[in-house]
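This report describes selected features of a single protein chain.

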Amino acid sequence: MSQIKQLLRLHQQGGGKKHIARTLGISRNTVKTYLDKITAAGWEIDDLLALDDPVLSQRMHAGNPAYKDPRFTYFSDRLDYFTRELDRVGVTRKLLWEEYRAAAPDGYGYSQFCYHLGRHTDARRPSMVLTHRPADKLFIDFAGKTLPITDQLTGEITQCQVFIACLPYSDYSFVMAVPSQTIADFIHALVCCLTALGGVPGALVPDNLKSAIVKASRYEPEVNRALDDLANHYNTTVVPARAGKPKDKALVENQVKMIYTRVYATLRNQMFFDLASLNKAIAEKVGAHNQTRMQQKPYCRTERFLAEEKPLLAPLPSTPFELKYYSRYKVAQNNHVYLGADKHYYSVPYAHIGKPVQVIYTRSLVRIYSEGALLAAHPRDPRPGRYTTTAEHLCSQHQHYLKRSPEYYIGRARRAGPTLAALFEKIFSQDRYPEQLYRTCDGLLNLSRKADPEAFTRACRLALEHQNYSWGFIDTMLKNKMIGQPEPNDSKHLPKHGNVRGRDYYQQTLKL
C-alpha cells in the first residue's frame, strides 16, 4: 500500500508513467492499470492518500473474483445443508461432493469443494482465549499412550497408565505412572499430585473418565463419590470438562503432547522393572520440563509457579485422604456385621440386631452408621474369618461371659465378704476344668444373693473346714437348715472340773 501511495504522489506531481514505473521498480502496465482504475471510478487523489492502508487496499483490490463466480453462488446457498449432513453418521465430505457434482456437473472440484466448506465450518467454530487466575484450577487427564515395566523373572511387560495434571496459570505440570485408571489408582495419583504441589487449587477439572464421573452431562454431571469425598476432604470442588470438548482443558491436552516428547521419547530406550523406578525417572524428566524456558516468555513454569501461584494455594489438610468404600448390610443375630471385602466380622451395639446399617470403610478404619448416627468404629482387620468385638456392644449376659476369669470371680467375692473370697481362692486352687469352676462360682454368687447372709457365711465356713468346695454341699446345708442355730463356742478346751487327774498321774503310771 505504501507503494501505491508513492505512485499516487508521483502522478500528482506530474510524473509520467515510464518515470513512475522506473522510480518504483514496477511494470509500466501496472502503473497504467492503477491510474485507469482511479480515472474510471472518479476518485480524487488527495482523498485516496488520506485513507488508511487497509481501506485503500480494499478500494484498489475489489476482492477475489472467485467469489463472484456463479458456481460459488450455487455452492454457498447449500453450505448450511452440507454442514448439517456432516454431523450425521457415516456422512463424509467425499460423499457430499459426489452428490453435489451429480446436481451440478460444472461445479467445483473436490479440492475446491473441501476448501470452501472448511472455511465455512471453521468460521462457525471459533476458538476462545481463556484467561486463568493463579491457583484457581487444576486440569487432570490420562495420556492416551502408556509406559511399560518389565518383570525381571518372567520378562512379562505390563503397560502402565500415565496420569497428567497441570495448573493452567503457570502451566506447571505433574506426571505419574499408575497401574490402571481404576478409582483407587486415580485417587492415589491425585493425592500424590496435591502433595507434590504443596497446596490445593480452587477447583479440580477432570476429564469424563469413569474413575471421576459416573454420568456425563452437559449441565449437571454426576461426580464419582470417591472423588467427591476427596474434594470435601481437601475443601475444594470438582468442575468436570464438557464431554467431547477438549478445548475446555486445552492446556493439559497440550501438556500431553509435550510429555510425549520430553518424557516418553527420552525414556524410550530405558527398561524399568518396577513402578517406583519408572516414576523416579518420570519425575526427573518432568522437573527438567518445568524448568525449561517457555517460548516467547522470560520465565520457566517452575519460576512462575513458585513466585505467583504456590503462595495462593489453599493449605493441605493435616491428615492425608483415604479412599472410602460404601456398603449396606444387615446386623446379624450375634450383633456383628459381615464385611464382605475382608470376610471379617465387626460388632455393633446389640440393640440394633436385625436393622440395616451403612458401612463406610477405608484402608485403616471401618465405620458403621444407622440413620445418620455413628454406631461403631473399628480398626480395619483384613484377616478373613475373624471377629472384631467391642465388649460394650454386647448384652450384659455376653459381657459377663467374656469377663469370666479367676480374678474376676475372686474380686466379686471380696465385695460379698472375706469368707466367700477365701472359699473362691480354694475353689480355683483345684486342678479342674475352668468352665466347671466358673459355674460353681456363679451358683455360689446366686446363693449369696438369695440366702440369709449369716447362714450363708456359716455354710461357707463349714465348707472350708470340711474342705468341700462344691455348690451342692452349701446348697444342701441351706435347704435342710443344718446351720439354722448359732454356732457353738469354737473353743476346743474342756470346762474346768475336779475329775482331772493331771500330768503327774500319767507320769507315775508310766514308771510302774
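A residue is called exposed when its relative accessible area is over 50%, and buried when that area is under 20%. The model discussed here is predicted.

Q467 lies in the loop between α19 and α20 (471-479). D171, by contrast, counts as buried because its relative accessibility is 7%; D171 belongs to the loop between β3 and β4. Neither residue is glycine, and each has a positive phi. The values are set out below.

| Residue | Phi | Relative accessibility |
|---|---|---|
| D171 | near 65 degrees | 7% |

**The surroundings of R301**

The side chain of D171 also takes part in a polar contact, at 3.1 Å, with the side chain of R301. R301 is part of helix α14 (residues 301-309). Is R301 buried or exposed? R301 counts as buried, since its relative accessibility is 5%, a value under the 20% cut-off. Leaving aside residues up to four places away in sequence, R301 touches S170, D171, Y172, Q255, M258, R262, H289, N290, T292 and M294.

In soluble globular proteins, nonpolar side chains tend to be buried together. The largest nonpolar core of this model has 34 residues, and the members touching the most others are L138, F163, F186, I187, L227 and L230. Two or more residues of this core come from each of β1 (137-142), β3 (157-167), β4 (172-178), α10 (183-197) and α11 (225-233). The greatest contribution is that of α10, with eight residues. For L230, the residues touched, not counting those up to four places away in sequence, are I187, L190, V191, L194, L204 and F321. Another core, of 24 residues, lies apart from this one and has I410, L420, Y438 and L445 among its members.

**Packing of α17 and α19**

Helix α17 (residues 418-428) and helix α19 (residues 453-465) have axes that come within 9 Å and cross at roughly 35 degrees. Their crossing is left-handed. On the α17 side the contact is formed by T419, L420, A422, L423 and K426, and on the α19 side by F456, T457, C460, R461, A463 and L464. Of the residues in this contact, seven are nonpolar, two are polar and two are charged.

Methods: Residues are numbered from 1 along each chain as its sequence is written. This is a predicted model: local features need pLDDT of at least 70, side-chain atom pairs count only at pLDDT 80 or more; totals for chains, interfaces and linings use all residues. Side-chain values use heavy atoms; hydrogens and water are left out. Axes are lines fitted to C-alpha atoms, for helices over the stretch in contact, and angles run from 0 to 180 degrees between N-to-C directions. Helices (H or I, at least four residues) and strands (E, at least two) are DSSP runs, numbered from the N terminus. A crossing is left-handed if the near helix is turned anticlockwise from the far one by less than a right angle, and right-handed if clockwise. Contact means heavy atoms within 4.5 Å. Ala, Val, Leu, Ile, Met, Phe, Trp, Tyr, Cys and Pro count as nonpolar, Asp, Glu, Lys and Arg as charged, and the others, Gly among them, as polar. A nonpolar core is a set of buried Ala, Val, Leu, Ile, Met, Phe, Trp, Tyr and Cys residues joined through side-chain atoms within 4.5 Å. Buried means under 20% relative accessible area, exposed over 50%, partly exposed in between (1.4 Å probe, protein chains only). A polar contact is a pair of N or O atoms within 3.5 Å; within protein, one must be able to donate a hydrogen and the other to accept it, and residues adjacent in sequence count only if both atoms are side-chain atoms.
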